[in-house]
Amino acid sequence: MLARAVTLSDPLFRDDPRYGRALRSAAPETVPPEGSVTAAVLARHRTASDVLGDLLRALELPPRPAGPTDDPVELRRAQLLAHLDEPGDPVTLVLDGLDESVEPFRVVRDVLAPLTAHCGAAPALPGQRRPERQRSLRLLIGVRSSRPRADRAAPPGPAAREAGLLGALREVFPTASVLRTDETDSESDIADYVQALVGAETSGGDSTRHAAETVAKRVWPSFLDARLAGEQLHHASDPDALAGNPDWLDLLQAGTVGLLRRDLALVEDEGLPAEVALALLRAAAFALGAGIPWSDVWPAVAGALLGRPVEEPDRMIENLLKSRLAGYLAHDDEDDRLVYRPAHEALAELLRDPRQDLLAGLGGDAV
């Protein structure tokens, strides 16, 4: 949802004729105003100093170089606060993947907490001033957290406070709105999401909606599983038949593991051995920073995980990026190189888990 809001608000995206259909087909009330997101940063594998540097660069403010005795966090935070203290238009910052940061609690304490004086009517912290004409700030933060307390009737108080990152965020921003994707009413949102992934041109409207609702019931509350299932429906020769196949529905019940196993089985027909495909995906999951570069690094790591060199590595990686498994990867730029990583940290955790036998049962027919 955050990625969609950032993308649809981007003036360059909106002006590109290649993406005009995405704008025209979206419900107007779901499209944010142009330019409404000022800067967006992904905290994955980033320190507090990195996050501040990324925010400054996204605001077109080159981070000041730190001296040998300077704390980069303090230096960059002061630079960001000085920018917000200046008169100007409201600033909307999106920070996604907070739980994937190298030091998420320090990001909350040393990056986000000092911004509270600029958020709406929040009181200034001790030692902070609030100029009358300073920029106002809106924050959108994406974070995975534990499920809500089962005892909804429990009285408020220290014992009922949420633990973890969400609890830390609530303490810093007590008046913030929290939207959880694992609440009961998100099932219809997942169905909408799957229907959009399948596409109206793929199947009839009523049957597509029925398939989307069937998927939503099986995968709730996981939007990741919904995405993988939606893409499998989109690429199926007969989406309606697949949505009614009891074996495929059982795979949905197995979650990400079942869906990935099916795609690994089917990728064999696309000129990519399943064990090689899995080794390449696992190599990307173990990469630090923004992802793994193609070069010689990706084949070398994959070969180490596979236990033997990857034959024709360039062709194997090219086949992977053209296959149905491409949807399991995201790409980014780091050090002027294109790098790849799993599309979601939950997927990366699955691929790094040595207990998961993701090639189990691939000898039989795939649904």
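1. Within the protein chain, residues 24 or more positions apart account for 65% of the contacts that have a separation of 6 or more. The model under review is a predicted one, and the points below should be read accordingly.

2. Overall composition. The protein chain contains 17 helices together with 6 strands. Of its 367 residues, 42% are buried. The accessible surface amounts to about 19,500 Å², and carbon and sulfur atoms contribute 52% of that area.

3. The open sheet. In what order do the 3 strands of the open sheet lie? The order is β4-β6-β5, with antiparallel pairing.

4. The pairing of β4 with β6. Strand β6 covers residues 337-342, and β4 pairs with β6 in the antiparallel sense over 2 bridges. Here I292 stands opposite Y340 of β6.

5. Residue E74. This residue lies in helix α5, which spans residues 72-85. Is E74 buried, exposed or partly exposed? Its relative accessibility is 48%. Because partly exposed denotes the range between under 20% (buried) and over 50% (exposed), E74 counts as partly exposed.

6. E74 in relation to L52. The two residues are 22 residues apart along the chain, and a distance of 9.6 Å separates the C-alpha atom of E74 from that of L52.

How values were computed
Residues numbered from 1 in each chain as written. Predicted model: local features only at pLDDT ≥ 70, side-chain atom pairs only at ≥ 80, totals over all residues. Heavy atoms only, no water. Pairing = 2+ DSSP bridges. Helix = DSSP H or I, 4+ residues; strand = E, 2+ residues; numbered from the N terminus. Buried < 20%, exposed > 50% of the residue type's maximum accessible area, 1.4 Å probe, protein only. Contact = heavy atoms within 4.5 Å. Areas by Shrake-Rupley, 256 points an atom, 1.4 Å probe, with all protein chains shown as cover.
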